[in-house]
Amino acid sequence: MSDLAHYRNIGIFAHVDAGKTTTTERILKLTGKIHKTGEVHDGESTTDFMEQEAERGITIQSAATTCFWKDHRMNIIDTPGHVDFTVEVYRSLKVLDGGVGVFCGSGGVEPQSETNWRYANDSEVARIIFVNKMDRMGADFFRVVKQVKDVLGANPLIMALPIGVEDDFVGIVDVLEKKAYIWDDTGLPENFVIEDVPADMVDLVEEYHEMLIETALEQDDDLLMAYMEGEAPSLEDVKRCIREGTRKLDFFPTYCGSAFKNKGVQNILNAVVDYLPAPAEVDPQDLTDEFGEPNGEKAIVSSSEPFRALAFKIMDDRFGALTFIRVYSGTLNKGDSILNSFTGKSERVGRMVEMHANDRTEISTAQAGDIIAIVGMKNVQTGHTLCDPKHPCTLEPMVFPEPVISIAVAPADKGSTEKMSIAIGKMVAEDPTFKVETDEDSGETILRGMGELHLDIKVDILKRTYGVDLTVGKPQVAYRETITKEIDDSYTHKKQSGGSGQFGKIDYKIRPGEANTGFTFMSKVVGGNVPKEFFPAIEKGFRSMMGEGVLAGFPVLDVEVELYDGGFHAVDSSAVAFEIAARGAFRQSIPKAGAQLIEPIMAVDVYTPDDHVGDVIGDLNRRRGMIKDQQPGVTGVRVKADVPLSEMFGYIGSLRTMTSGRGQFSMEFSHYNPCPANVAESVIEEVKARKAAK
């Protein structure tokens, strides 16, 4: 059995292009896991193993790997930075105990860094900060530290200071030990010397050293009092306090360096060992009941507890389906039977493997704290709990955002039809934010995802990885419908045709609900005009109609129904009769209640060089955008705006043209807003025309 105190489950996350994958490569080289570093810009990095990742120089899937440093086992997950793939970050953070947040020395805190930081806060993951690319033009360590405070609301604990910046960046000063680490020009990570602090930095280092000691000792009142009285704490005591404060998220140890130039990566590895928590030091996860509510029990991380694990990722590769699991407690051996508490079915564990990107090593046992993959599990999906059949339990589930964009795809020939359905089935199992449905009117296959790039990659995978010949339609927006006014109405369902009849009468109010509430039903019937046993049938009838609105057949959101009276027949009334009455009531009342089309609004975050700000803002205004904020930086301006998704198709091309290729943007779903009349009319016409054509 491995000692859990020597385990570190960490993720590396950041905005796109801040250097996560390069940092991971350097860590793997330093720990002896790989012997040649592959560069992202050459399409040769270890963890970006998909064709699409190598070509585009971006990370799409989170990749897991294991390495060792100073007798500590590190399970590392390299996560994507692009906003369309944040689900990969979210589900990775859910099963990790610590993280390394990588920020670009010149770009600073960028849009996706914020989203990832928010996810890490939600999952209460301890983090250290690595300000990368200190050799880049415009790099400024202190500016990035200020942004971490201002933009992320975090408390960075400065552990390292840069020696020189941009082309003159040669190394770092360890603030705690007051030692300078200086690398030579060979670019080899091991070629460094440890010296005294450069003379021109002595005062600065002393100032930050004092701040570091004071902040750390706030974790221990006795040590702080002794320090105030002039007694210097030992290095072990300070490190213990930093570790405790990091675990409690009181502060985040902050380092700097250049992963590409191999400067400062050892210090990050040392910090992971010294300050990030082992699995048993993290507050244990709640166990939940069948409704997802905590039941008072905890998943204590220990090998002696019953087996509990969370399936956090499904991946299909050339050897079959892989289910990535994080083992929270107990041990798992090859041949064991385990229970999927979501489906209630047991499965036997055939093969278990430890992953290194897309390579694997067979293992026969795993224990609490391990991140492994099981080969060939059936009916397991992301977020399912796997446990000991004698001790069934459910771990806290994962909640995924709804897709906001869709495209229609059709196989180019009969031979591709079956191939496509098998491939899409595998892809849906892998990615919970990728959905597929069939249009009942046209029979078309509709793919739904988080953004243009997301669907673009999925189509590319279908074509190249699975060899499916496809024709692809235009992207479609996930419009919704709602109502704008309250109405009081009545509906009677009466049917008499020999034998027993059907009768159900309901008097009700339909009104707009609170935003994001979906459907709400309440009954205020007093007396026995509608017996209580029919209330569930009435609610079911109304709810079943929410999937298709009256304007253009889009799902209906945010409707409240209040039942206040009605009538029933002792013989002819039944649950079915009242359910049919509720459906008829919905059809009758929604058009009277001011039915309205609503559209998804995206929170758009655009980075633009200073000299193109006017063009970018003007363009966003033309796209019906609402500018929310402008944040000037050293190298450009970040513009935040709310823009309808329908206006954002092809935006990356326009932005690159406006900014001579230097602009970047990210967007994520924010909320739904009413469509302007002219937009609503054209959408409804288009839907009608599509239906007529079929």
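Student: Which residues in α8 meet V273, D274 and Y275 in α9?

Tutor: On the α8 side they are K239, I242, R243 and T246. A contact means heavy atoms within 4.5 Å. Helices (H or I, at least four residues) and strands (E, at least two) are DSSP runs numbered from the N terminus. The model is predicted: local features need pLDDT of at least 70 and side-chain atom pairs count only at pLDDT 80 or more, while totals for chains, interfaces and linings use all residues. Residues are numbered from 1 along each chain as its sequence is written, and side-chain values use heavy atoms, with hydrogens and water left out.

Student: At what angle do α8 and α9 pack?

Tutor: Two packed helices are described by the angle between their axes and the distance between the axes. Here α8 (residues 235–247) and α9 (residues 265–275) pack at about 85°, with axes 9 Å apart. That makes α8 roughly perpendicular to α9. The axes are lines fitted to C-alpha atoms, for helices over the stretch in contact, and angles run from 0 to 180 degrees between N-to-C directions. Under 35 degrees counts as roughly parallel, over 145 as roughly antiparallel, 65 to 115 as roughly perpendicular and the rest as oblique.

Student: How do the residues of the contact of α8 with α9 divide?

Tutor: They divide into three nonpolar, one polar and three charged. Ala, Val, Leu, Ile, Met, Phe, Trp, Tyr, Cys and Pro count as nonpolar, Asp, Glu, Lys and Arg as charged, and the others, Gly among them, as polar.

Student: Is R243 buried or exposed?

Tutor: R243 counts as buried, because its relative accessibility is 17%. Buried means under 20% relative accessible area, exposed over 50%, and partly exposed in between (1.4 Å probe, protein chains only). Leaving aside residues up to four places away in sequence, R243 touches R8, V273, D274, Y275, L276, P277, A278 and E281.

Student: How do the axes of α10 and α11 cross?

Tutor: Helix α10 (residues 414–430) and helix α11 (residues 452–464) have axes that come within 10 Å and cross at roughly 135°. The pair is therefore oblique. Its crossing is right-handed. A crossing is left-handed if the near helix is turned anticlockwise from the far one by less than a right angle, and right-handed if clockwise. From α10, A423, I424 and M427 meet K458, I461 and L462 of α11; by class, this contact has five nonpolar, no polar and one charged residues.

Student: At roughly what angle do α14 and α15 cross?

Tutor: The angle is roughly 150°, and the axes of α14 (residues 613–622) and α15 (residues 651–658) come within 10 Å. The two helices are therefore roughly antiparallel. Again the crossing of α14 and α15 is right-handed. D615, V616, D619 and L620 of α14 make the contact with Y651, L655 and M658 of α15. Those residues divide into five nonpolar, no polar and two charged.

Student: What does A120 touch, not counting residues up to four places away in sequence?

Tutor: A120 touches F13, L93, V125 and R127 on that count. The residue is found in helix α4 (residues 111–122). A120 counts as buried because its relative accessibility is 0%. G98 is 22 residues from A120 along the chain, and their C-alpha atoms are separated by 9.1 Å.

Student: Which residue other than glycine has a positive phi near 55°?

Tutor: D558 has such a phi. D558 lies in the loop between α12 (535–544) and β32 (559–567) and is buried, with a relative accessible area of 12%. K178, also not a glycine, has a positive phi of about 55°. K178 sits in the loop between β8 (171–174) and β9 (179–183) and is partly exposed, at 30%.

Student: Where is E444 found?

Tutor: E444 is in the loop between β25 (435–438) and β26 (445–449). At 30% relative accessibility, E444 counts as partly exposed. Its C-alpha atom and that of P411, 33 residues apart along the chain, are separated by 9.8 Å.

Student: How many helices and strands does the protein have?

Tutor: There are 16 helices and 36 strands. Of the 694 residues, 55% are buried. Among contacts between residues at least 6 apart in sequence, 71% join residues at least 24 apart.

Student: Over which residues does pLDDT stay under 50?

Tutor: Residues 34–62; for them the model has 95 contacts beyond four places in sequence. pLDDT is the predictor's confidence in each residue, from 0 to 100. Where pLDDT is low, the predicted coordinates should not be read in detail. For the protein, the mean pLDDT is 81, and 86% of residues reach 70 or more.
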